[in-house]
Amino acid sequence: MAGAGFRTFAAGEVLTASNVNTYLMEQSIMNFAGTAARSSAISSPSEGMFAYLQDTNTLTFYNGSAWVNAGSAIAGTALSSGTATSGQVLTANGSGAVTFSTPSSGLTLINTTSFSGVASQSINDVFSATYNNYKIFTSVESSTTGQECRMRMRVSGADNTNNNYQWAGWFIPFNGTATVGGENTNPVGQSWFNVADIENNGKSHSDITLFSPFATEKTGCITHQIFRQGTTNGYAETHCGGMDVTTSYTGLTIYASSGTLTGTISIYGVNK
Amino acid sequence: MAKKEEQIFIGIDDQVIELTGADKEAFLEQRAKDQAEFEAFKEQQEAQKALKVSAYKKLGLTEAEINAIL
């Protein structure tokens with residue numbers, strides 16, 4: 001019987017030829033100069049046999065109908081040549097091989113930064129030609145009551161503090177009235193995007209989409225935010241807007257309207 | 001006793017820096033400007049709301065009806 005599986009031999013037990021062949025030989029990793037030597041030695045392979053090939057430095061196994069590479073990634077060009085770059089992932093080509101490549105779909109994490117007790121948090125060099133659009137998630141708490149967490153676009157280490165941000169929004173308070181309120185109903189000429197309304201005893205979470213911040217066109221910005229204070233009070237808010245200038249930005253700053261912020265920000269590139 | 005001066009810390013990537021001197025003055029100036037803009041904006045919104053309330057009252061709506069649509 002080929003590939004007999006596992007067996008615990010008793011002390012003093014005599015090993016038969018079959019024991020050696022099926023428990024040891026056929027279940028060990030054999031070592032051959034190449035596929036020709038392997039074929040010559042094993043004319044009728046059994047499923048589950050392993051053989052190492054010296055000429056290609058690959059480990060192969062017989063899957064019942066053919067010898068295939070085990071752990072193709074070891075022989076992949078990206079791994080062996082060390083050409084994988086930051087942010088790449090292993091991708092299967094559908095033919096048993098895998099290589100490093102830049103993800104072509106989904107989100108790619110560019111930056112996660114935690115901060116504590118800061119008046120502002122700037123993130124440089126996160127927008128580039130690699131992605132058109134970006135998803136940003138923030139979770140922030142504040143040190144003072146009734147403040148806002150705001151966001152400014154940034155390039156060359158400096159924030160855009162000019163009045164060329166435009167946005168409007170709406171909110172629903174968690175007070176049982178289901179009344180929708182308008183926010184920033186005259187949306188021209190602001191100098192920031194609103195990211196979150198926050199208090200000093202609640203955490204606000206925001207889901208931000210930035211459209212084309214790196215391109216020399218007007219950046220678009222949509223924010224969804226949830227602020228919950230205690231168990232009943234809170235706001236659900238959505239703001240939509242953009243820049244009225246076509247500046248190319250490489251980073252951003254979030255900051256508190258007063259006091260300080262504590263939290264995290266994560267920036268993802270949306271693959272084209 | 002003199003009021004303790006506010007310390008301003010900012011994060012830039014993975015560094016935290018305390019602003020001092022001209023940098024701190026510039027930061028506080030910008031924050032005051034932002035806040036003034038924000039207050040002006042809020043006043044503008046309140047004025048718009050007051051106009052709406054006034055108009056609704058002239059149309060004969062009750063306080064409850066006005067609150068329901070604002």
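Select Asp34(B) and Arg152(A). In this predicted model, the two form a salt bridge, with their closest N and O atoms 2.7 Å apart. The term means a side-chain nitrogen of Lys or Arg within 4 Å of a carboxyl oxygen of Asp or Glu. The count between chain B and chain A is 1 salt bridge.

Stay with chain B. Helices (H or I, at least four residues) and strands (E, at least two) are DSSP runs, numbered from the N terminus. α1(B) gives the most, with 12 residues.

Now show both chains. 21 residues of chain B are in contact (heavy atoms within 4.5 Å) with 30 residues of chain A. The buried area is about 1,800 Å², and carbon and sulfur atoms give 40% of that. Buried area is the accessible area (1.4 Å probe) that the two parts lose on being put together, summed over both. Colour Asp13(B), Asp34(B) and Phe41(B): in chain B they lose the most area to chain A, together 27% of what that side buries.

Next, select strand β8 of chain A, residues 120–123. Pick Ser120(A), and Ile10(B) stands opposite.

A note on the numbers: residues count from 1 along each chain as its sequence is written, and chains are lettered from A and ligands numbered from 1 in the order written. Local features need pLDDT of at least 70, side-chain atom pairs count only at pLDDT 80 or more, totals for chains, interfaces and linings use all residues, and side-chain values use heavy atoms, leaving out hydrogens and water.

Key. Pairing = 2+ DSSP bridges.
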